[in-house]
Amino acid sequence: MRDRYEILDRLAPLVGKIVLQLGIELGLSVEEIERIKEKWDRDLTAQNKEVLFTWRKDRTVKPTIRILEQAFVNIGKGARCLKEVLKDVDPNTLKAVEIVTDRIRENENRIIQDIQTSQILDHMMTNLVISVDDRRRIEQHAGQDDQNKALLDIVIKMREPAYSLSDWNVPLYKVRLQKNYLKVITDIQHDSIVDHLITRDVVSVDDGKKIESGKTPQEKNRTLMDMLLRKNEQGFNEFLKALQKDSIYADLADQIEKTEVTSTDMATLYKCLK
């Protein structure tokens, strides 16, 4: 299943040398087109791709498949190549993705100002929508507005996950751990757990200090989870043992260990890790 961005990726090589004509048909200015051609020099596919993506992001005219089809007819490419690219696309899914994306863009300024990024990221991690690396990329920005913009950029650019079994290479233990992300950062007291992990060489003493530097229990647990999600299965098993040593967390350990992992979970997290 393909979304709008993948469609544009597949169309770009089909345009060939008529970058200027395509850009004009899609409403770009000559100055914009020349800037794109200069930026990518002789890379025609890259030029065409940026023309298409610039059109896709344009706020003045809503980009639609119908407009794209007419542009390809006008530049002499016809509608056949577009229809070939679209042959496996579910129209209802594509429309739904467009509606959500448009609503996000329409409310972008308000979202950037209002959302509390850390809580949103906690839920996105738990639902496997972003990876631990995505979270780091977002949180490397100092200001909340910049973090929110980075978050929106990831959301807007998301594509449908690939459902090819041969492609998946996500360990089950990582999926189980991440699906319990919110529960872990909310419910546990990290001290005894980190001590256990240090004695088992899962984390270092310096790692323990980094965890302890968090301002709140949730921040400390987020740092711990960031580390655990980068460890191997031994680290995961030692984390479960640390939970099981405390009767308060025994049920949580059991819940994590028995967390159901579906094919959709695997595909969704794989997409984040690509």
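Figure 1. Leaving aside neighbours within four places in sequence, F239 is in contact (heavy atoms within 4.5 Å) with L177, V184, I193, L197, L224, L228 and I256. This is a predicted model, in which local features need pLDDT of at least 70 and side-chain atom pairs count only at pLDDT 80 or more, while totals for chains, interfaces and linings use all residues. Residues are numbered from 1 along each chain as its sequence is written, and side-chain values use heavy atoms, with hydrogens and water left out. F239 is one of the residues with the most contacts inside the largest nonpolar core, together with I193, L224 and L243. A nonpolar core is a set of buried Ala, Val, Leu, Ile, Met, Phe, Trp, Tyr and Cys residues joined through side-chain atoms within 4.5 Å. Buried means under 20% relative accessible area, exposed over 50%, and partly exposed in between, with a 1.4 Å probe and protein chains only. The largest core has 35 residues, and helix α17 (residues 233–244) gives the most to this core, with 5 residues. Another core lies apart from it and has 16 residues, among them A12, L28, V51 and F72.

**Figure 2. The whole chain and its confidence.** The protein has 19 helices and 0 strands. Helices (H or I, at least four residues) and strands (E, at least two) are DSSP runs, numbered from the N terminus. Of the 274 residues, 43% count as buried. Among contacts with a separation of 6 or more, 73% are between residues 24 or more positions apart. The mean pLDDT, the predictor's confidence in each residue from 0 to 100, is 78, and 72% of the residues reach 70 or more. Over residues 160–167 the pLDDT is below 50, and this stretch has 14 contacts in the model beyond near neighbours in sequence. Where pLDDT is low, the predicted coordinates should not be read in detail.

**Figure 3. Helix α15 against helix α16.** The axes of α15 (residues 205–212) and α16 (residues 217–228) come within 8 Å and cross at roughly 145°. Axes are lines fitted to C-alpha atoms, for helices over the stretch in contact, and angles run from 0 to 180 degrees between N-to-C directions. On the α15 side the contact is made by D207, K210, I211 and E212, and on the α16 side by K220, T223, L224 and M227. These residues divide into 3 nonpolar, 1 polar and 4 charged. Here Ala, Val, Leu, Ile, Met, Phe, Trp, Tyr, Cys and Pro count as nonpolar, Asp, Glu, Lys and Arg as charged, and the others, Gly among them, as polar.

**Figure 4. D226 and L228 in helix α16.** D226 is found in α16 and is buried, with a relative accessible area of 14%. The side chains of D226 and R136 are joined by a polar contact of 2.6 Å. A polar contact is a pair of N or O atoms within 3.5 Å; within protein, one must be able to donate a hydrogen and the other to accept it, and residues adjacent in sequence count only if both atoms are side-chain atoms. Not counting residues up to four places away in sequence, D226 touches V132 and R136. L228 also lies in α16 and is buried, at 2% relative accessible area. Leaving aside neighbours within four places in sequence, L228 is in contact with L177, L197, V202, G235 and F239. L228 and L197 are 31 residues apart along the chain, and their C-alpha atoms are separated by 9.9 Å.

**Figure 5. N180 between two helices.** N180 is found in the loop between α12 (172–179) and α13 (181–187). N180 counts as buried because its relative accessibility is 4%. Residues up to four places away in sequence not counted, N180 touches Q255, I256 and T259. The side chains of N180 and Q255 make a polar contact of 2.7 Å. N180 and I256 are 76 residues apart in sequence, with 6.5 Å from C-alpha to C-alpha.

**Figure 6. Two loop residues with positive phi.** L128 is not a glycine, yet has a positive phi of about 65°. L128 lies in the loop between α9 (117–126) and α10 (132–139) and counts as buried, at 2% relative accessibility. D201, in the loop between α14 (190–199) and α15, has a phi near 60°. D201 counts as exposed, at 69% relative accessibility.
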